[in-house]
Amino acid sequence: MSPRDTVGRLALPVTMAGWLVFMVLSLGVGDLWLNPARIWSGLWHHDELASVILYQIRLPRMLVACLIGGALASGGLVMQAYFRNSLASPGLLGVSSGGAAGAVVAIGMGWAAQSILTVPIMAIVGACVATGAVIILARSGASTERLLLAGVALNALLGAVTSYVLSNFTLTYERNAQIIFWLMGGLEDRTWEHVWIASPILLGAVLLWPLGRPMDLLSLGATEAQSLGVNVRSVRRRMLALATVLSALATAVAGTVGFVGLIVPHLLRLIVGPEHKRLVPLSLFGGATFVLACDLIGRCAGNLRLGIVTSLVGGPFFLWLLRRSSR
Amino acid sequence: MNTPAVSLRTVSVSGRLHDVSLDLGPGRLVGVIGPNGSGKSTLLQALCGLLPAAGEIAWNGRPLADIPVYDRGRQLAWVPQEARFEFGFTVRSVVAQGRYAHGDDGAGVDAALDLMDLRPLAHRPVNRLSGGERHRVLLARALATAAPIQVWDEALAALDVRHALQTLKHADRLKRAGSTVLLSLHDLRLAHCLDEVVVLSDGRLVAHGTPDDVLTESLFRDVFGVTARMAPGLTLELS
């Protein structure tokens, strides 16, 4: 067994252990510190104050963090396999911006008030439009430069859409606040409603599981994968649909949270290698852990928004990655 | 008469290949030759079902359109001209991909690694290998498939002389076991190893037959624009 195999076998239990630790920390850290014993009592309604804090504030926030972390990281992983480029991610390619633009349009036009499903649906529509544009602009196997330029152009275009909506509704304070929330990305005031909206991410994760092996073959190229017996068209369709919906749902409940889809799969690939059978579950749990950690950092650093923390971590990481890949 | 392992009837690929009809029997080692841009890779990809093509293609008498993609993976091994790897899969895992259509059973993977001298590199990331080593990995993957139709697109071009001769030996072994091995090549000094030669020019089939029948002075002049002169020269064989 190679050293990488040994690391690969240990990676999932270690990541899951880290995930559990951060879940407990996420429930415990706040204006009122709750130790694990109080968290336990609160969860079983033996401690009324802890119970209120947990069920009304911290538990939904923690669950949304786990769901969007897993969705963004696995969405990034799928996009990297699809485009055969380790710098592809929902944020850099504009898919998250598409989701945010869709959500912002729904809020700006006042459609959000009609149904709680309007914003997620519009986020999915926006993300689909952006994904379609990326596919046209940068096909599979496209160079890093082409991919990034396509992402820059799309992000600028979709940014213009959100700015237009924002400038047209300057008088409606509440809508503006919501729009700004989406643009900055965050987990503040997340409720059980948001947990339900994001819950299809679990289904997406289940559907993603069997695609691990075909993704290995596809990441060598569509023609090679087809020669080996992969139904490329069907697998790629499923990959794209899942990556788009996962990213869109994450954006619909937490706004634009950048770099998760880039950093997490990339780091995991460096540690355990590129086999997707390992990377799919690891991305789900690793993404959840990363977002929980970033949220905790933000909460401990004077309530910094999640999107700001992930960008502060992800920006330098991305520049390092770019420098490394250009060597 | 035996059913051809590969049969093409008026196969065309828009702008690149024109009305190619061809029957290749089982247990044959076939070379596809022609100048740059003559359509060799296009022909090979079309007969593998990897390019949309007009006309009829059949494997062992069965129309390609009727063969599910997964089953094709058991019948075909394709080695691409370029060996590009974005991600650092280990050599062993790339070779093991040849068993995908066999339910990832791992059969023959170690033997294929040995055949291409890759055992010492088995745990190395494939994107850190040299061009020739990468091609050996792809050839090992093709050998691991144990597919009856082997299509190797300029697989020998990147190999050193020992590995090129070794690869031809493996191709000969596969042929004797009943496989049809197609390889495109530029080094016509290797033509004496082939059973049949298919010659393409400007996307059209201009000749098909045994090397002795096909590789004539007039063909070299008309297709390649060179003068061929038979002369004793350097001969290399595996020691």
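Analyst: Two strands pair if DSSP finds at least two bridges between them; strands are DSSP E runs of at least two residues and helices H or I runs of at least four, numbered from the N terminus. This model is predicted: local features need pLDDT of at least 70, side-chain atom pairs pLDDT 80 or more, and totals for chains, interfaces and linings use all residues. Residues are numbered from 1 along each chain as its sequence is written, chains are lettered from A and ligands numbered from 1 in written order, and side-chain values use heavy atoms, without hydrogens and water.

User: Which residue in β2(B) is the bridge partner of B:V6?

Analyst: Start with strand β1 of chain B, residues 6-13, which pairs with β2(B) in the antiparallel sense over five bridges. Within β2(B), the bridge partner of B:V6 is B:L24.

User: Which strands stand at the edges of the open sheet in chain B?

Analyst: Reading across this open sheet of chain B, the order is β2-β1-β4-β5, with antiparallel pairing. Two strands have a single partner each, so one side of each lacks a neighbour in the sheet: β2 (17-24) and β5 (62-63).

User: What is the radius of gyration of chain B?

Analyst: Chain B holds eight helices and 10 strands. The globule rule (2.2 Å times the number of residues to the power 0.38) gives 18 Å for its 239 residues, so chain B is as compact as a globular protein of that length, with a C-alpha radius of gyration of 18 Å.

User: What percentage of chain B residues count as buried?

Analyst: Buried means under 20% relative accessible area (1.4 Å probe, protein chains only). Of the 239 residues in chain B, the buried share is 56%.

Key
Buried means under 20% relative accessible area, exposed over 50%, partly exposed in between (1.4 Å probe, protein chains only).
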